[in-house]
Structures are given as C-alpha cells and as structure tokens.
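Please look at the chain as a whole, and then at one of its helices, with the briefing below as a guide.

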Amino acid sequence: MNPPISSPEFSHFPVMMDEVINICSPDKGGTYIDCTFGGGGYSKKLLNFSKTEVIALDRDELIINISKKLYKKYPKRFSFHNLRFSEVHTIVGNKLVDTVIFDLGLSSIQLNNLERGFSFNSKASLDMSMGLSTTSAEEVVNNFSEQELRSIIKILGEEKEASRIAKNIIKTRSIKKITKVDQLVEIIKKSKKKNYKYKINPSTKTFQALRIFVNKEITELITGIINATKILKPGGKILIVSFHSIEDKIVKYFFSNFSSSQSNPSRYFPVDKPSNTFLFDKYKNRILRPSNLEIIKNPPSRSAKLRYAVRSKNKFIYPTGLLQKFKKYLDLESLYV
Ligand SMILES: C[S@@+](CC[C@H](N)C(=O)[O-])C[C@H]1O[C@@H](n2cnc3c(N)ncnc32)[C@H](O)[C@@H]1O
C-alpha cells in the first residue's frame, strides 16, 4: 500500500496507484502527463523511475507549493502548469506523449480545507471553486432561476428531490441571501422527505451538482479527454479514474465508440465507420476497481473506477459524436461563461 503524500496542511491518499503504475510501465521511460496533480502522488511515483519525464497540471493554485518541492528534486524531468486540463494539448507543442492520466474530482486536501466550502461540515462561504472558475456556488444559488437550479441539481447531482430543493432555495433567498454552507445544508435537510434512511448525507447530491457546475466538470472532462487523445503517440495510453456515474458513462462511451471494438448494431448492417478512423485500438471495456484492502485503508476510494484505452495508429479526427451524445450536460454547463 502506498503511504499518503504529506503537505503542511493535509494529505491525499492516491487512489489505485499500483494499478495505474502497472498499466503505464514507467520502467521503460517515456513522457507522462499527470492532468490532475493534486497531492502529487502519481507524479512522485512516476518520477521514481529514472527514465521518465512528468508534466503535471492542476487548476488549483493552492497546490503549487507541493509541485515546487517535486521540481526542486527533479528539475530536468518534472514541470508543473497551473491550468485546466481542457487545455492539455497547449503545453506540449508538436510533441506526442506516451501516457496521459486523469484522476478526477477533488483531492482530500481540497475537501478538508473547510474554507473552500466543498464539505457540508463547513460553516464557510459557499465557494466550491477548485481554481480557475468564473463563478461560485454562492453566485449560482442566489442568481439562477428556480428552473435552472432544478436542472442543475437533478441532472448533475442525479437528485430525485431536486424540485423541492430548488423551490426552497428560491423561498429562502427571497428573505435572506444564502452565503454560507450551513445555510444551504439546512435548506436541503428541510426539503428532503423525512425518512432518514439515507445511506449518504442528504446534501451529498446537491453539493456534487453545484461543484460540478461551478467547475464545469463535464465540459472539462469531455474537452480534456479529446485534447489528450490528440497528443498521444500511436500505442500511447489514456487512463481515467472516475468517481461518479456521469463521468464513467462519458469515458465508457468515448473508449467503446471510438475504438476498433465499436459494437455492430446489427449483423445485417456493417458498422458505419471505416476502420482507419478509430482513435483507439480494440477496447476491452474492462473496469478496474480498488482492492478490498485499499477500500479499508482509504474509504473514499470505494467509488473509484479505472478505465484505459490505447491510441491507434490512425490520424486524429475530432470525435464530434462525443459532444453530440452528451450535449445535455454541455448545454447546462454553458448557462454561464
Ligand atoms: C483526486 S485529485 C488528484 C490526486 C492525485 N492523483 C494524487 O495522487 O495526489 C484531483 C485533482 O485534480 C484537479 N482538477 C480537477 N479538475 C481539473 C481540471 N479540469 N483541470 C486541472 N485540474 C483539475 C483538482 O484540483 C485536484 O487537485
């Protein structure tokens, strides 16, 4: 098991590190992009192999200090960019890379920093930005219409009681602006049916929805995986660790439908894409999950799903079908610029 990565304030336990490293084979060297640096767990492990180069990204400027420590140790083989991963293609020029890794969502460093408003145990301002966002949860809950709030909570949080929650947000804010996390937690609690048999905290889904919306996480994911595919060498790998069903649905669709294993809807009709257009080699549609031991040691890892695909030799053709398929989410996240 891998030890947690220490930072002065908090730590993040890297999820499925052994599985990620096994798939990457860093002992052979190569250029790796760690799109979600976080506590630096993956980058650090990859740099332990002497022939690797690691380029890391993270949208959160508060973790730049962690990256500086790694840069000091590996100035020739490590670099860090405070960027959103939708822009991953902009940092390598014309170079193609061996592996791109995404470990989606929040780090424990962000979740445990109560000032940032991600945790429902916080009494801080309703911020929820991971960094480089143009809005906050406070702006969203105080300015968006009831119908927009309902759609955000229902579609991005998959919350069945979204209508009542949206109605009560509007009712409350007409009396007093909603600025703090505990105010929102109270509104959600009152809105949910009173059978407290919830396996998860009643606020979980609404908080997930607002966080995804504030950080445009679905737009980031779709754009990020497309742009990462664009900069992969033939035979290069793209690995994605996801934590909720919307993310996994997108990754699965991308890998299955843009690979040579694209399923044939009918044996009487051939697959309509010629074989030289597939972005990935045969995709086995296999999900890797954390071991029971990892889940015991690091319970938040229980919802992790790891999928990976191998870039084909074909020329990159922009997969517009991916944008069309998930247009509902993209349209919702473009309610603000
Ligand atoms: C789960 S943590 C990654 C942990 C990391 N693998 C480790 O071993 O410590 C996710 C990180 O990705 C960052 N992140 C999330 N979305 C991003 C995006 N669109 N662009 C860049 N960074 C992002 C978050 O700020 C967070 O630091």
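What covers the buried residues of α3? The cover includes α2 (41-47), β4 (52-57) and β5 (78-81), where helices (H or I, at least four residues) and strands (E, at least two) are DSSP runs numbered from the N terminus. This is a predicted model, in which local features need pLDDT of at least 70 and side-chain atom pairs count only at pLDDT 80 or more, while totals for chains, interfaces and linings use all residues. Residues are numbered from 1 along each chain as its sequence is written.

**Helix α3**
- In helix α3 (residues 64-73), the buried residues are I66, S67 and L70, buried meaning that 20 or more other C-beta atoms, placed from the backbone, lie within 10 Å of a residue's own, and exposed that 12 or fewer do, with partly exposed in between.
- These residues are on the same side of α3 because they cover an arc of only 95° around the axis, the arc being that of the directions from the helix axis to the C-beta atoms.
- An α-helix has 3.6 residues a turn, so residues three or four places apart point the same way.
- N65, K68, K69 and K72 are exposed on the other side of α3.

**The two domains**
- The domain assignment, which is automatic or taken from a database, gives domain 1 (5-103 + 217-333) and domain 2 (120-214).
- Taken over C-alpha atoms, the centres of domain 1 and domain 2 are separated by 29 Å.
- Eleven residues of domain 1 are in contact with ten residues of domain 2, contact meaning that the C-beta atoms, placed from the backbone, lie within 7 Å.
- On the side of domain 1 that touches domain 2, α10 (217-230) and α14 (327-333) are the elements that give two or more residues, and α14 gives the most, with four residues.

Methods. Two residues are in contact if their C-beta atoms, placed from the backbone, lie within 7 Å.
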